[in-house]
Amino acid sequence: MLFDWFTVFAQIVNFLILVFLLQKFLYGPIVNTMQERERLVKERIEGAEQKQLEAEQERQHYQAKNQELHEHFEQKQQQAEEEVQAWRKEALHGARQEVDVTLQEWHKSVQQEMSSFKAELRRFAVQQTYTVARQAVRDLADTSLEERMVEVFLSQLNKGEIDLSKLKNSTDGITLRSAFKMPAKLQEQVQKEVQAHLGKDLSLRFENDPDLTAGIELAGQEGHQVAWNLRRYLEALEDELDSQFQQASLDTKSASDSAQAGPRP
Amino acid sequence: MEISPDTWVLWQSGSLKLNATILFTWLVMAILVIGSWLVTRKISGALTMSRGQNMLEVIVEGVMNQIEEVSQQDPRPYLPFVGSLFLFIIVSNVLAIVPGFQPPTGSLSTTVALALCVFLAVPVFGIRTQGLRGYLRQYIQPTPIMLPFNIIGELSRTLALAVRLFGNMMSGGLIAAILLAIVPLFFPIVLQALGLLTGVIQAYIFAVLAMVYIASATRAHSGRDENKGEK
């Protein structure tokens, strides 16, 4: 007999014991551990997925924030540029106005200088002309210029070339101004002649006025006057000078305008 | 020369006796249980583990995969029984290479005992999953005429299980012993290596067949695929 029943029975018992012990010491712990590890790995993977999701959300959040920041920055930049443009325009306008004011002031001062120069020139011209004429008349004609002027005035008056009708109403007195001290003889002649024209009861006052340009001037009431002097010639000279100045100033202005109209920013 | 380690009796008292089969069975059991205990007493569910734990997990996982593949069911209820069959047989067979060790699987008493365990386990698992009626109905499938053949099949496959394992292991040891007497050099080593391979294959076949029988009893309304894959 190759087997005996006792051994078979013993081996069955042995095997059942082995199944029990291995279940206790091998399969139970190992299966539980594997399940636990699976759970752990699953949890970790889920956690990682959750974290990835969160990270993705965070990333999107920050991207949106960044975009917003960028837009804000661009807006601010544009605003700043607009402000700078406005300021620049204003500043330029202010500067131009200032320049215009300065230019006007400069023109005014030039004008003033011109007028004072003209006055000075006139005074000087009168003086020189008068001096030269007087000297020439004295040297060449052996007579005084003033006397000759009065004589010519009287002769013109006599011929009726000078109209005294404007002074007719000034019966209470006419003032005769002369640039020089008129001799009594001449005063008498002038008074006689004027009285011959305007009536004998007319009184004539004689005044010495150095500002008067080499001649005489009859002034009645209400501002009527008759003048016999160099003023007309001087005025012609003045007109000539004026036109010259005008020309010069026009040239200057066009030059300055072309300089201003140059390259503008 | 002994064919079976049953005949090597170490101690006897009446009908009780301690032979080499039982002794070496205890040795194999001790190796398995103590080895498992040493590893699993400090088991860890963390992602890192000891080498022993890793090895045991690989073995258990492999057995579970095989059970699942064969049964197409959750392997956990069958793992202790089928896994223990496989581990006991493979350790016994592999230890056969150790001089002086008599594999308990080389004893017909052991293989009969294991085959009887399978023979009893089939109705136990079958009734547990399908109920008594469901299980018994399988014997009259497809027609009641098949009842005696089914019963004969049940018995013959149990006998086949026992004899197959015993024959393979006994012959392996016997051939090695004979060759050792005839050609003492080189050839016995080749035969031992072959014996190792045979032992591992037999362990696998025994466990898989046991699982196939159990699965056929637990699978409702399925045909009986007995003797499938038998050597």
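1. Is the crossing of H4(B) and H5(B) right-handed or left-handed? In this predicted model, the crossing is right-handed. The two axes come within 8 Å. They cross at roughly 145°.

2. Which residues make that contact? From H4(B) come B:Leu108, B:Thr111, B:Val112, B:Ala115, B:Val118 and B:Phe119. H5(B) brings B:Thr158, B:Leu161, B:Ala162, B:Leu165 and B:Phe166. Nine of the contact residues are nonpolar and two are polar. No charged residue takes part.

3. Next, the chain contact. Here 38 residues of chain B touch 27 residues of chain A. On chain B, strand E2 (16-19) and helices H1 (20-40), H2 (51-71), H3 (79-95) and H4 (108-137) each supply at least two residues of the touching side. H1(B) gives the most, with nine residues. By class, this side of chain B has 21 nonpolar, 13 polar and four charged residues.

4. The largest nonpolar core holds 59 residues. B:Val82, B:Leu85, B:Ala210 and B:Met211 have the most contacts inside this core. The largest share, eleven residues, comes from H6(B).

5. B:Leu85 deserves a look of its own. Setting aside neighbours within four places in sequence, B:Leu85 is in contact with B:Leu114, B:Phe206, B:Ala207 and B:Ala210.

6. A separate core of 18 residues lies apart from the largest one. Its members include A:Ile174, A:Leu176, A:Ala179 and A:Trp228.

Note on methods:
Residues are numbered from 1 along each chain as its sequence is written. Chains are lettered from A and ligands numbered from 1 in the order in which they are written. This is a predicted model: local features need pLDDT of at least 70, side-chain atom pairs count only at pLDDT 80 or more; totals for chains, interfaces and linings use all residues. Two residues are in contact if their C-beta atoms, placed from the backbone, lie within 7 Å. Helices (H or I, at least four residues) and strands (E, at least two) are DSSP runs, numbered from the N terminus. Ala, Val, Leu, Ile, Met, Phe, Trp, Tyr, Cys and Pro count as nonpolar, Asp, Glu, Lys and Arg as charged, and the others, Gly among them, as polar. A nonpolar core is a set of buried Ala, Val, Leu, Ile, Met, Phe, Trp, Tyr and Cys residues joined through C-beta atoms within 7 Å. A residue is buried if 20 or more other C-beta atoms lie within 10 Å of its own, exposed if 12 or fewer, and partly exposed in between; C-beta atoms are placed from the backbone. Axes are lines fitted to C-alpha atoms, for helices over the stretch in contact, and angles run from 0 to 180 degrees between N-to-C directions. A crossing is left-handed if the near helix is turned anticlockwise from the far one by less than a right angle, and right-handed if clockwise.
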